[in-house]
Amino acid sequence: MIRQNNYKIISSKNAVEFVKSSADRFLNFLSQFETPTVILPTGNTPLPMYKALRESGKKLNFTYLQLDEYLGLEPDSQRLFSNWLAQEVLDPMEIPYDQRIIFRSDNLFPQDEVDKMQGWFEENGPADIAVLGIGSNGHIGFNEPPSDENTRTRIVELRPETLKANNAYWQDEKKTPEQVFTLGISEILKSKKIILLVTGKSKAKILKKALTEEPNPNTPASYLQTHPDVTVIADKEALSELKA
Ligand code: PGA
């Protein structure tokens with residue numbers, strides 16, 4: 001494992017700057033590929049970027065690769081990350097359905113969905129761009145700690161802290177599924193370009209760990225240091241521990 005540590009950090013003074021930096025960088029990266037394949041995250045952090053993209057009036061075309069998804073939800077469930085992304089980005093951008101590579105949450109044989117996603121990567125190669133958030137426990141996608149750089153797309157059990165964080169979206173503790181699909185760290189790290197979006201004081205400690213610790217499974221995001229092309233776009237609250 002080679003620690004490259006040549007990530008770029010784009011620091012934003014405020015929310016307006018964060019949105020502009022993230023949308024501009026994403027659009028710039030997209031324009032570098034003829035038929036881009038893109039991993040996009042859910043969560044609160046990327047929402048302003050998605051809004052900016054919707055409002056940019058730009059016609060975007062890419063193939064969307066799902067980063068993670070809950071297991072066992074009905075296709076019309078509001079909790080489905082695929083529906084969330086559809087509403088935020090894919091429908092407004094009119095991304096065709098055959099360019100949305102997603103985990104089918106209601107498949108009674110969920111391992112088939114894992115095989116399907118792994119098969120997609122084997123056939124089509126790595127993603128061009130991965131946009132990621134980071135969990136307070138250091139997860140990227142749903143690669144909960146401990147997850148090392150060799151983990152592949154799989155089904156995982158969410159850790160209590162992630163369940164708690166995700167319950168906050170739904171105001172209803174009992175309904176958040178505990179099992180999820182996630183792309184593995186190995187698939188994420190094969191992406192040609194990675195953008196990590198981080199905002200808020202609550203992410204400051206974990207961002208510092210991710211960028212400074214020797215890469216290790218207990219901070220899965222720390223493996224981003226081994227990638228040659230990572231752009232961290234963060235606000236000053238999220239960067240506060242690094243500057244200390
Ligand atoms: P958040 O989630 O953007 O809602 O903080 C990030 C994550 O858990 O990956």
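Helices (H or I, at least four residues) and strands (E, at least two) are DSSP runs, numbered from the N terminus.

Notes on the model follow.

1. Basis. This is a predicted model, in which local features need pLDDT of at least 70, side-chain atom pairs count only at pLDDT 80 or more, and totals for chains, interfaces and linings use all residues. Residues are numbered from 1 along each chain as its sequence is written, and side-chain values use heavy atoms, with hydrogens and water left out.

2. The E6-E7 loop. A cis peptide bond links Pro145 to Pro146. Its omega is about -5 degrees. Ser147 is also found in the loop between E6 and E7. Ser147 counts as buried because its relative accessibility is 3%. Here buried means under 20% relative accessible area, exposed over 50%, and partly exposed in between (1.4 Å probe, protein chains only). The Ser147 side chain reaches the backbone oxygen of Glu144 at 2.5 Å.

3. Ligand shell. Which residues are around the ligand? They are Gly43, Asn44, Thr45, Gly133, Ile134, Gly135, His139, Tyr169 and Lys203. A residue is near a molecule if one of its heavy atoms lies within 4 Å of it. By class, the shell has two nonpolar, six polar and one charged. In this scheme Ala, Val, Leu, Ile, Met, Phe, Trp, Tyr, Cys and Pro count as nonpolar, Asp, Glu, Lys and Arg as charged, and the others, Gly among them, as polar.

4. For Thr45, a polar side-chain atom lies 2.5 Å from a ligand oxygen. For His139, the distance from a side-chain N or O atom to a ligand oxygen is 2.7 Å. For Lys203, the corresponding distance is 2.6 Å. Taken alone, the ligand exposes 280 Å², and the protein buries 81% of that. A polar contact is a pair of N or O atoms within 3.5 Å; within protein, one must be able to donate a hydrogen and the other to accept it, and residues adjacent in sequence count only if both atoms are side-chain atoms. Accessible areas come from the Shrake-Rupley method with a 1.4 Å probe; for residues, only the protein chains shown count as cover.

5. The ligand takes up the space of the largest pocket. A pocket is an open set of points on a 1 Å grid over the protein atoms alone, where a 1.4 Å probe fits, with protein on both sides within 12 Å along at least five of seven lines. A molecule sits in a pocket if more than half of its atoms lie within 2 Å of its grid points.

6. The E9-H7 loop. Lys203 lies in the loop between E9 and H7. Lys203 counts as buried because its relative accessibility is 13%. Thr199 is in the loop between strand E9 (193-198) and helix H7 (204-212). Thr199 counts as partly exposed, at 23% relative accessibility.

7. Other loops. Glu94 is in the loop between helix H3 (81-90) and strand E5 (100-101). Its phi is near 55 degrees, a positive value in a residue other than glycine. Is Glu94 buried or exposed? Glu94 is exposed, with a relative accessible area of 59%. Leu224 is found in the loop between H7 and strand E10 (230-235). Leu224 is buried, with a relative accessible area of 5%.

Notes:
1 Å grid on protein atoms, 1.4 Å probe; cavity = no way out; pocket = protein on both sides within 12 Å on 5 of 7 lines; lining within 4 Å.
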